[in-house]
Amino acid sequence: MPDIRILSAEEARAAILGLAQVLADCVAGGASVGFMQPYGPEEAELYWRDVADAVATGGNLLLVAELEGSIVGTVQVGAAQMPNQPHRGDLKKLLVHRSARGRGIARLLMEAAEREAARRGRTLLVLDTATGSDAEAIYPRLGWQRVGVIPDYALWSEGGFCDTTLFYKRLA
């Protein structure tokens, strides 16, 4: 069973290498998460430094899943919103290393992120994901409502246009 933890800014900085390995693996596997192939752990470290800074300012919640002391998954909740959106959070970068998939890690990360977002006063979460991706199938099973599709929203990591599907979930 994986250990799911919320990281402080210091813990996020200490975890950058492990987080970079997960992100680089997901991009190499074709995930459309904002980065293009080839994309290695060294490049991913820059991204995670920015995430750690956002954790330090309260702009992001960062959760990780660990198996046997290694990070195998992560998800973020963007918590910094405009003054008229204090109730909303943006779910970002649900990532599970390909070697750890099929063990329910994505579900555990999502459930923990939703609980913590609700504990911090968020009543609505939103996300977007690549249409037709394996990730798209996860969210409806977890109670997320599909809003619609935006065509040609981004590029797949290996190139070519990618539609995105928007989802939301109300939290108790």
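Reply: A contact means that heavy atoms lie within 4.5 Å of one another. This is a predicted model, in which local features need pLDDT of at least 70 and side-chain atom pairs count only at pLDDT 80 or more, whereas totals for chains, interfaces and linings use all residues. Residues are numbered from 1 along each chain as its sequence is written, and side-chain values use heavy atoms, with hydrogens and water left out.

Me: Which residues are in contact with Gly-73, leaving aside its neighbours within four places in sequence?

Reply: With those neighbours set aside, Gly-73 is in contact with Val-22, Leu-63, Val-64, Ala-65, Leu-95, Val-96 and Leu-109. Gly-73 belongs to strand 3, where strands (E, at least two residues) and helices (H or I, at least four) are DSSP runs numbered from the N terminus.

Me: Is Gly-73 buried or exposed?

Reply: The words are set by relative accessible area: buried is under 20%, exposed is over 50%, and partly exposed lies in between (1.4 Å probe, protein chains only). Gly-73 has 0% relative accessibility and therefore counts as buried.

Me: Which residues have the most contacts inside the largest nonpolar core?

Reply: A nonpolar core is a set of buried Ala, Val, Leu, Ile, Met, Phe, Trp, Tyr and Cys residues joined through side-chain atoms within 4.5 Å. The largest one here has 26 residues, and those with the most contacts inside it are Leu-91, Ile-105, Leu-109, Met-110, Tyr-139 and Trp-144. Two or more residues come from each of strand 2 (60-67), strand 3 (70-78), strand 4 (88-96), helix 4 (105-119), strand 5 (124-130) and helix 5 (134-141), and helix 4 gives the most, with seven residues. Tyr-139 touches Leu-91, Leu-94, Met-110, Leu-127, Thr-129, Trp-144 and Phe-167, not counting residues up to four places away in sequence. A second, separate core of 24 residues includes Ala-9, Val-33, Tyr-47 and Leu-62.

Me: How many salt bridges does the structure hold?

Reply: Side chains of opposite charge can pair when their charged atoms come close, and a salt bridge is counted when a side-chain nitrogen of Lys or Arg is within 4 Å of a carboxyl oxygen of Asp or Glu. The structure holds ten salt bridges. In one of them, the side chains of Arg-5 and Glu-66 meet at 3.0 Å, N to O. Arg-5 lies in strand 1 (residues 3-6) and Glu-66 in strand 2, so the pair ties together parts that are 61 residues apart in sequence. Arg-5 is partly exposed at 28% relative accessibility, while Glu-66 is buried at 16%. Arg-5 and Glu-66 are also linked with Glu-11 in a network of salt bridges.

Me: With which side chain does that of Thr-164 make a polar contact?

Reply: A polar contact is a pair of N or O atoms within 3.5 Å; within protein, one must be able to donate a hydrogen and the other to accept it, and residues adjacent in sequence count only if both atoms are side-chain atoms. The side chain of Thr-164 makes such a contact with the side chain of Asp-128, at 3.3 Å. Thr-164 is found in strand 7 (residues 161-170) and is buried, at 3% relative accessibility.

Me: Which peptide bond is cis, and what is its omega?

Reply: Most residues other than glycine have a negative phi, and most peptide bonds are trans. The bond from Gln-37 to Pro-38 is cis, with omega near -5°, and Pro-38 sits in the loop between helix 2 (16-28) and helix 3. As for phi, Glu-68 has a positive value of about 50° although it is not a glycine; Glu-68 lies in the loop between strand 2 and strand 3 and is exposed, with a relative accessible area of 86%. Lys-93 likewise has a positive phi, near 50°, but its place is in strand 4, and at 23% relative accessibility Lys-93 counts as partly exposed.
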